[in-house]
Amino acid sequence: MVDIIPSANPFDEKSFNDFISKYQLTFPTEYLKYLKKYNDAELADNIVNTSDESISIRYFYGTTTEDYSNISSVYEIFIDRMPPNCIPIAEAEGGNEVCISLAPESYGKIYFWNHETMDTDYGEICTLSLEKMLYLADSFDSLLDKIIPYTTEFNYTQKNGIFG
């Protein structure tokens, strides 16, 4: 796991409960534990290697007064731009999103949403399925295990042979 830069914002359980009640969402316990401990903390320079590409996660959304890192505000921006039951939980580099599936058949799985290839035009509703997104991990904890420190030196992971 990469270093986590502490948030100045404590987790606001009432605000989060209002959000999940409003949209009738149920998140995996492991994700809730992270939010309660770290809220919207930033991540040190990092990389997540996949079979297709490498991504970097800036921070996970939490309960803050800043719209850009508030999970409720971000969800409202993306609600029609992503597949159903796909909830943005983190900002990735380049204006992309890391999402968690709350769909029964893929509950808790983590995906990458690329705004260059997945976004809809203004006013349109997304018709894409989760299968069209880049799969990252089976669970939130699995994703955390895949986030490794990024160095300016040549990055190579023996485990999966991905160059980053």
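A nonpolar core is a set of buried Ala, Val, Leu, Ile, Met, Phe, Trp, Tyr and Cys residues joined through side-chain atoms within 4.5 Å. In the predicted model described here, the largest such core comprises 45 residues. Phe27, Ile57, Phe60, Ile89, Val98 and Leu143 are the members that touch the most other members. The largest contribution to this core comes from strand β6 (residues 86-92), which supplies five residues. Leucine 143 illustrates the contacts made by one of these residues: with residues up to four places away in sequence not counted, Leu143 touches Val48, Ile57, Phe60, Val98, Ile110, Leu136 and Ala137.

Strand β6 is mostly covered, since seven of its seven residues are buried. On one side of the account stands strand β5 (residues 57-60), which pairs with β6 in the antiparallel sense over three bridges. Within this pairing, isoleucine 57 is placed opposite alanine 92 of β6. Isoleucine 57 is also one of the core residues that touch the most other members.

Alanine 92 lies opposite asparagine 96 of β7, while isoleucine 87 has isoleucine 100 of β7 as its bridge partner. The hairpin formed by β6 and β7 has three residues between the strands, and in this hairpin glycine 94 adopts a positive phi near 80°.

Strand β7 (residues 96-101) has six of its six residues buried and is therefore largely enclosed by the rest of the structure. The burial extends to both faces of the strand: Asn96, Val98 and Ile100 point one way, Glu97, Cys99 and Ser101 point the other way, and all are buried. Strand β7 is also joined to strand β8 (residues 110-113), with four bridges in an antiparallel arrangement. In this pairing, valine 98 is found opposite phenylalanine 112 of β8. Valine 98 is likewise listed among the core residues with the most contacts to other members, and Leu143 touches both Val98 and Ile110.

A further set of strands forms an open sheet of three, in the order β4-β3-β10, with antiparallel pairing. Its edge strands are β4 (54-55) and β10 (148-149), each of which pairs on one side only. Strand β3 (residues 46-49) and β10 are paired in the antiparallel sense through two bridges. Proline 149 of β10 is the bridge partner of asparagine 46. Val48 is among the residues touched by Leu143.

Helical packing is represented by α1 (residues 13-23) and α3 (residues 71-78), whose axes come within 10 Å and cross at roughly 25°. Angles under 35 degrees count as roughly parallel, and α1 and α3 are therefore roughly parallel to each other. Phe16, Phe19, Lys22 and Tyr23 of α1 meet Ile71, Ser72, Tyr75 and Glu76 of α3.

Definitions and conventions:
Residues numbered from 1 in each chain as written. Predicted model: local features only at pLDDT ≥ 70, side-chain atom pairs only at ≥ 80, totals over all residues. Heavy atoms only, no water. Pairing = 2+ DSSP bridges. Buried < 20%, exposed > 50% of the residue type's maximum accessible area, 1.4 Å probe, protein only. Contact = heavy atoms within 4.5 Å. Axes fitted to C-alpha atoms, helices over the stretch in contact; angles between N-to-C directions. Parallel < 35°, antiparallel > 145°, perpendicular 65-115°, else oblique.
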